[in-house]
Amino acid sequence: MDTTQSISGLKGIGEKTEKLFNRLEIYTIEDLLHYYPRSYETYSQVTKIKDIKIDAMNAVEGTICFPIEQMVKGKFKILKIRIKDDTGYLYLLWFNQLYIKNNLKIGETKVFRGKAEYKYGQMQITTPEIFDQETYNKKTKTLQPIYALTKGIMQKNLSKIIRQGLIKTHNQLKDCLPNAIRNQYGFAEYNYAITQIHYPKDMEALKEAKRRLVFDEFFIFQLSLLRLKKVQDRQATQFDLKDHSIIKDIIKNLPFQLTQAQKSVLEEIKNDLMGETVMNRLLQGDVGSGKTIIAALMLALVAKNNYQGSIMAPTEVLAKQHFETMKALLEPHHINVGLLVGSMTAKEKKNMYQAIKDHTIDIVIGTHAIIQDKVVFNQLALVITDEQHRFGVKQRESLSQKGTKPHMLVMSATPIPRTLALMLYGDLDISIIDELPPNRQVIKTYAVDTSYRKRVYDFIKKQIKDGRQAYVICPMVEESDQLEVESVLEYTKKLKKEFDQSINIEYLHGKMKPKEKNIIMENFANNTIQVLVSTTVVEVGVNVPNATIIAIENADRFGLAQLHQLRGRVGRGQYQSYCILLTQSKSNKTKERLDVLSNTNDGFIISEYDLKVRGQGDLFGIKQHGDMEFKIANVFEDIELLKIANKLAKDIMKNDPQLTNEEHYYINERLKNYIHKYYSG
Ligand SMILES: Nc1ncnc2c1ncn2[C@@H]1O[C@H](COP(=O)(O)OP(=O)(O)OP(=O)(O)O)[C@@H](O)[C@H]1O
């Protein structure tokens, strides 16, 4: 079998299962092999019955006692077995799986593993896994992969299918790295790395595998940026922009003075726009540093030069928000601003297409609806995007493929150190707003353990009584999106019981339709909803100034930079705001880490700290959501590998820019696939 073949050729993959795998973006065997585990677990040593931990996984070695019972209760046929060791008895139950008894004999000793519960006055495990002692002993020495799932696929099945894929395509993946590089940096062979990432023989092998695959991911990414930069560099622009008094006019009417940092990035961007080549620039600035006004000024300049401009936001909620802000800032200066999002009616869209085409609209704010074929711009000179999805690269590309080569400005609220930014945005010039406007209120931040939960709820109630609103970020679930949805629903239900009925509590999660999300966000913005329970989809940039408190459950599982972003949802109005970080962990290290947030509001300091302390790499740690979208690499933990990848990519592209050397053949193939997958269409 070859790795480019569809997974449908594997045993156990019928039409229905194939569709489920497709949901995980697994189509070919190669995709399957690149579906890396999210974490690993080890099977613990067996415990004595008296030492069983309730509500936790336990493995118990016990002898099967007389009698093996069968009973019927409602629609369940129950199999009940009692086992014993020298410290006590334990009951095992199976529902509608009577056949299990065929494999069990009275007097036989086996290892049973499952979650122990204390029910009906007895200790029991429902549906335990069964092992003989020798097999179990082996298991305790290996690392079991845990994959992210989707509804309908179980851990065990996925793992089995992957094993089959590995066996059937044994060592066929092409190692793109030339031997010289592999030897110089001590990278593992590619097929070995792929096998070991799924079925590590020990911790050492896992580390080695991970190191290789993280490197590969960075390496190809770096190469793609260099290739992109080469295409973009010094392209002549077709637009002829002149300075205009509009910038001074708008600034004059602002209720505040621009900060020094805002003034200098304004000059940088303005010079780019008035220059002779196409701009590709990143505008980076901490939450609340005032990027929006810079965007508005640039769009105004473009409009007054009789060109069109546009902002593309990652979600409808954000697009609408930008639309309101831009309208307020620009329309008094006779600049027409329009909105284009997916949930508009066909007629509304059609009218908007026409208005864009005949240039009655100067500035279009929208979601990716903007890059659809039906949208024909008249003279699109500037596109501003939010940093999302692989740094907006794909969107940027789609837009420049629309014929015109507009100037591009990517806005990012992730405050990362400059050295890191230079590597991650290798194809862009960078402007940084490294200063917050004066007199910014400090968001009071507290890290507490979960025993404080009730007090936190009371505090929220008090804020609501004073007329304010709250965000609660739900516990993070790693297994699947489906579980995450369930967790949000459940948490909301729980909270509704805690709070007075007059307080309106609603939820938001990533699986909701844009329309539903819009309604919830609108109702939160106008205070019809007082408490918003949410996963981390409360995007960077959501602006509800009346919300003054954000409580984050399982805070220790997030990176500091992400917590900082979440915290930025409050403190946006005139009221004192609070961020409460809830954690179950009692470890000093966790506390120390979270205290960094209590001690500073400066995103750059926070991300430097993240970079320093997480450099160690936590193999079992849960992969961060919202970090840069790499599959296995983590820019904070793996920065050393990123540096190597950056250097090697530069060296190779310098000596062999087209990658035509024989030894670069497979690098070129990988790169082409990567660019096709992430940057086009
Ligand atoms: N120089 C300034 N002085 C005082 N207030 C300012 C200044 N610049 C911007 N603001 C105000 O600060 C608030 C935050 O600005 P803005 O929304 O542009 O931040 P941002 O950088 O886009 O942050 P986020 O990434 O969170 O959206 C706005 O209400 C804006 O009007």
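Reply: Val 72 stands opposite Lys 77 in strand S4. The model is a predicted one. Strand S3 (residues 69–73) and strand S4 (residues 76–85) pair in the antiparallel sense, over five bridges. Together S3 and S4 form a hairpin with two residues between them. Gly 74 in that turn has a positive phi of about 60 degrees. S3 has five residues, and the number of them that are buried is zero, so the strand lies largely in the open.

The pairing is parallel in an open sheet of seven strands, ordered S12-S13-S11-S14-S15-S10-S16. Its edge strands are S12 (337–340) and S16 (429–433), each of which pairs on one side only. On average, neighbouring strands of this sheet are turned by 20 degrees against each other, direction ignored. Within the sheet, S11 (residues 308–312) and S14 (residues 380–386) run parallel and are joined by five bridges. Ile 311 has Ile 384 in S14 as its bridge partner. Helix H9 (residues 260–274) lies across S10 (280–285), S14, S15 (407–412) and S16, and runs at about 155 degrees to S16.

Another open sheet has six strands with parallel pairing, in the order S17-S22-S21-S18-S20-S19. S17 (444–449) and S19 (505–508) stand at the edges with a single partner strand each, so one side of each is left without a neighbour in the sheet. Here too, neighbouring strands are turned by 20 degrees against each other on average, direction ignored. S18 (residues 469–473) and S20 (residues 531–534) pair in the parallel sense over four bridges, and Tyr 471 stands opposite Leu 532 in S20. Helix H15 (residues 453–465) lies across S18, S20, S21 (547–552) and S22 (578–583), at about 165 degrees to S21. Helix H18 (residues 560–567) lies across S17, S18, S21 and S22, at about 150 degrees to S21.

Terms used
Residues numbered from 1 in each chain as written. Predicted model: local features only at pLDDT ≥ 70, side-chain atom pairs only at ≥ 80, totals over all residues. Pairing = 2+ DSSP bridges. Axes fitted to C-alpha atoms, helices over the stretch in contact; angles between N-to-C directions. Contact = placed C-beta atoms within 7 Å. Buried ≥ 20, exposed ≤ 12 C-beta atoms within 10 Å, placed from the backbone.
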